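Work through the exercises below with the sequence and the structure at hand. Try each task before reading its solution.

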Amino acid sequence: MKINNLEVIDPTYKGNLARFINHSCDPNCITMKWNVLGEVCIGIFANRDIEEDEELTFDYQFDAFNTPLTKCLCGAKNCKGYLGLKPTNKS
């Protein structure tokens with residue numbers, strides 16, 4: 001997750017429990033950047049009611065120009081097919 005032009009959060013090897021939240025093209029959470037005492041922090045917030053035992057998800061929003069295409073396996077009806085791609089009008 002990109003914080004700014006110089007910093008990213010990469011929880012591949014360590015981090016808090018939020019590192020286990022998976023991607024979905026139809027997520028039940030959103031991320032927001034907050035400035036707390038001069039430090040950029042990331043908050044994860046529900047964007048709808050979440051059922052008991054439902055997996056928490058958010059849209060990873062990978063930068064498709066700087067990240068290799070990664071096939072999305074979220075299974076959402078509106079799945080974009082690959083992480084980082086913007087949805088297109090399929091009409």
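**Exercise 1.** Is Asp59 buried or exposed?

*Solution.* This is a predicted model, in which local features need pLDDT of at least 70, side-chain atom pairs count only at pLDDT 80 or more, and totals for chains, interfaces and linings use all residues. Residues are numbered from 1 along each chain as its sequence is written, and side-chain values use heavy atoms, with hydrogens and water left out.

Step 1: take the cut-offs. Buried means under 20% relative accessible area, exposed means over 50%, and partly exposed lies in between (1.4 Å probe, protein chains only).
Step 2: apply them. Asp59 has a relative accessible area of 18%, so Asp59 is buried.

**Exercise 2.** Which side chain meets Asp59 in a salt bridge?

*Solution.* Step 1: define the term. A salt bridge is a side-chain nitrogen of Lys or Arg within 4 Å of a carboxyl oxygen of Asp or Glu.
Step 1: find the partner. Lys80 meets Asp59 at 2.9 Å, N to O.
Step 2: Strands (E, at least two residues) and helices (H or I, at least four) are DSSP runs, numbered from the N terminus. Lys80 is in the loop between β5 (70–71) and β6 (82–83), and Asp59 is in the loop between β4 (57–58) and β5. The pair links distant parts of the chain, 21 residues apart.
Step 3: check the cover of Lys80. Its relative accessibility is 18%, so Lys80 counts as buried.

**Exercise 3.** How many salt bridges does the structure hold?

*Solution.* Step 1: the count is two.
Step 1: one of them joins Arg48 and Glu54, at 2.6 Å, N to O.
Step 2: check the cover. Arg48 is partly exposed at 39%. Glu54 is partly exposed too, at 26%.

**Exercise 4.** How many aromatic pairs does the structure hold, and how are the rings arranged?

*Solution.* Step 1: there are two aromatic pairs. Rings of Phe, Tyr and Trp (its six-membered ring) pair if their centres lie within 6.5 Å; planes under 30 degrees apart count as stacked, over 60 as edge-to-face and the rest as tilted.
Step 1: take Trp34 and Phe45. Their ring centres are 5.8 Å apart and their planes stand at 25 degrees, so this pair is stacked.
Step 2: Trp34 is in strand β2 (residues 29–36) and Phe45 is in strand β3 (residues 39–46), eleven residues apart. Trp34 is partly exposed at 45%, and Phe45 is partly exposed at 32%.
Step 3: take Phe58 and Tyr60. Their centres are 5.1 Å apart and their planes stand at 55 degrees, so this pair is tilted. Phe58 is buried at 9%, whereas Tyr60 is partly exposed at 27%.

**Exercise 5.** Which residues make the nonpolar surface patch?

*Solution.* Step 1: set the rule. Patches are made of residues with over 30% relative accessible area and no salt bridge; like charges are joined within 9 Å, and nonpolar side chains (Val, Leu, Ile, Met, Phe, Trp, Tyr) within 5 Å.
Step 1: list the members. They are Ile30, Met32, Trp34, Val36, Leu37 and Phe45, and the patch covers about 610 Å². Accessible areas come from the Shrake-Rupley method with a 1.4 Å probe; for residues, only the protein chains shown count as cover.
Step 2: find the main source. Strand β2 gives the largest share, four residues.
Step 3: Val36 lies in β2 and is partly exposed at 40%.
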